[in-house]
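This report goes through one protein model by topic.

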Amino acid sequence: MMGKPGSQQLLMDEKIYVAVGSDLGNKSTLVWAIQNTGGKEFCIIHVHQPLYIKDKEKAQKILDKYLQTCRQMNVCAETIHIEMESVEEGIIQLISERNVKKLVMGAASDTRYSMRMADLLSTKAIYIRQQVPATCCIWFTCKGYLVYKREAIMGNTSLEYASTSSDQDSVRSRGSDIPSGQYTISRGNGNVYQLAVFEAEKSKKEASLEAFKHQEVEKEKNEAIKRAKEWENAYFEELKQRKETEMELKKVREKLENMRYISENRITESFMLVQKLQDKYNLATKVLRKAKEERDRLIKGRDIAIIEVEELRKIHEKVSRSDEHREAPQYFICPISLEVMKDPQLAADGFTYEAKAISTWLQRGHETSPMTNKKLLHTKLVPNLALRSAIQEWLHASSSSRK
């Protein structure tokens with residue numbers, strides 16, 4: 001057992017091999033190896049099935065990024081990529097050819113990691129753990145956490161050599177204290193003595209091997225208990241965080257539900273307000289359209305009245321030059337009463353009537369024009385001031401001529 005620390009130190013001085021899988025963009029395995037194994041020289045290996053040229057170039061570029069990561073973390077590294085149909089067989093072959101003593105690889109894909117993960121989930125990792133020589137120490141990681149470690153076991157030759165040397169030294173030390181008489185008797189029974197020594201050495205070797213196995217089992221047991229406690233603590237911590245998260249989530253849901261209720265009410269109110277405004281807008285548009293039509297009709301009536309006034313003015317000028325006994329112009333006579341108008345009013349049909357006559361016509365329930373018999377657009381009357389002025393001038397001129 002005195003030679004074990006020296007062998008461990010020798011193992012730590014060897015190059016550490018890091019196997020990366022098909023997801024070359026994931027650097028968690030390499031980063032864990034650099035931070036936790038204590039190595040200063042690494043070899044990044046990638047075994048893949050035959051690829052196209054473009055895929056090979058892409059893989060090489062990503063491996064170069066791994067090398068850049070190693071340089072940034074102040075460690076030396078190289079890369080090896082092998083094409084084989086079986087990835088696990090390629091890794092085992094590489095371990096055998098290079099006599100690899102230290103290997104870091106994934107226990108499963110990062111997406112399958114959980115705090116309860118206690119063993120390998122990848123079939124490749126399980127196969128390699130079973131087939132790789134016992135002299136190779138392997139760390140299996142997942143998502144930057146150590147899942148399982150298989151310690152390297154020294155061969156039987158080394159154990160036998162150490163036990164035999166120890167026993168011979170013990171025999172020599174004891175032989176120096178044996179009296180000379182007894183020594184002579186032992187020489188006389190050499191075969192029996194050698195057989196006893198052989199049996200003792202064999203028993204001691206078996207005991208040493210069993211003790212070594214017991215220590216390894218005890219070590220694995222302690223590590224398993226430690227991992228179990230860590231997982232238990234992690235589980236309770238995760239359970240606590242989960243409850244806190246559920247409480248926070250419940251509060252957030254209630255707040256969102258309240259906000260949703262308020263938003264729906266506001267949306268409903270806004271919709272109703274928009275509907276009312278739309279109705280008012282439609283009504284205002286309708287009123288405006290009618291007002292515009294009414295304005296157009298009044299403008300048209302005004303233009304007609306202006307034309308009539310202009311015609312009446314011309315007629316008046318002619319009448320003023322005619323005889324005293326001339327008759328009243330046709331424009332001065334109401335179509336209903338057939339008399340000269342005193343208060344001419346312009347109706348919606350474009351004709352001018354005596355105010356009293358057209359008012360009586362409308363009061364009797366007539367909605368049509370007295371001249372065209374078509375339905376009037378409205379019953380409003382507009383004073384024809386120009387025509388009234390012309391009639392008054394004509395009447396005044398007539399009265400003057402009679403005198």
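## Aromatic pairs

A search of the whole structure, which is a predicted model, finds 4 aromatic pairs. Rings of Phe, Tyr and Trp (its six-membered ring) count as a pair if their centres lie within 6.5 Å; planes under 30 degrees apart are called stacked, over 60 edge-to-face, and the rest tilted. One of the pairs is formed by F140 and Y148, and this pair is tilted, with 6.1 Å from centre to centre and 40° between the planes. F140 is buried, with a relative accessible area of 0%, whereas Y148 counts as partly exposed at 21%. Here buried means under 20% relative accessible area, exposed means over 50%, and partly exposed lies in between (1.4 Å probe, protein chains only).

F332 and W394 form another pair, edge-to-face, at 5.8 Å centre to centre and 65° between the planes. F332 lies in the loop between α8 and β7 (344-346), while W394 lies in helix α10 (residues 385-402), so the pair ties together parts that are 62 residues apart in sequence. Both F332 and W394 are buried.

## Basis of the model

This is a predicted model in which local features need pLDDT of at least 70 and side-chain atom pairs count only at pLDDT 80 or more, while totals for chains, interfaces and linings use all residues. Residues are numbered from 1 along each chain as its sequence is written, and side-chain values use heavy atoms, with hydrogens and water left out.

## Helix α9 and its packing

In helix α9 (residues 355-363), the buried residues are A355, A357, I358 and L362. The buried residues of α9 pack against β7 and β8 (352-354), where contact means heavy atoms within 4.5 Å. After α9 comes G365, whose phi is positive, near 95°.

Helices (H or I, at least four residues) and strands (E, at least two) are DSSP runs, numbered from the N terminus. The protein has 10 helices and 9 strands.

## Positive phi outside glycine

N74 has a phi near 60°, a positive value in a residue other than glycine. N74 lies in the loop between α3 (53-72) and β3 (76-83) and is exposed, with a relative accessible area of 67%.

N99 is not a glycine either, yet its phi is positive, about 55°. N99 lies in the loop between α4 (87-98) and β4 (102-106). At 48% relative accessibility, N99 counts as partly exposed.

## Surface and whole chain

V252, L256 and M259 form a nonpolar patch on the surface, with about 270 Å² of accessible area together. Patches are made of residues with over 30% relative accessible area and no salt bridge; like charges are joined within 9 Å, and nonpolar side chains (Val, Leu, Ile, Met, Phe, Trp, Tyr) within 5 Å. A salt bridge is a side-chain nitrogen of Lys or Arg within 4 Å of a carboxyl oxygen of Asp or Glu. V252 lies in helix α8 (residues 190-321) and is partly exposed at 41%.

The protein exposes about 28400 Å², of which carbon and sulfur atoms supply 54%. Accessible areas come from the Shrake-Rupley method with a 1.4 Å probe; for residues, only the protein chains shown count as cover. Buried residues make up 25% of the 403 residues. Among contacts between residues at least 6 apart in sequence, 64% join residues at least 24 apart.
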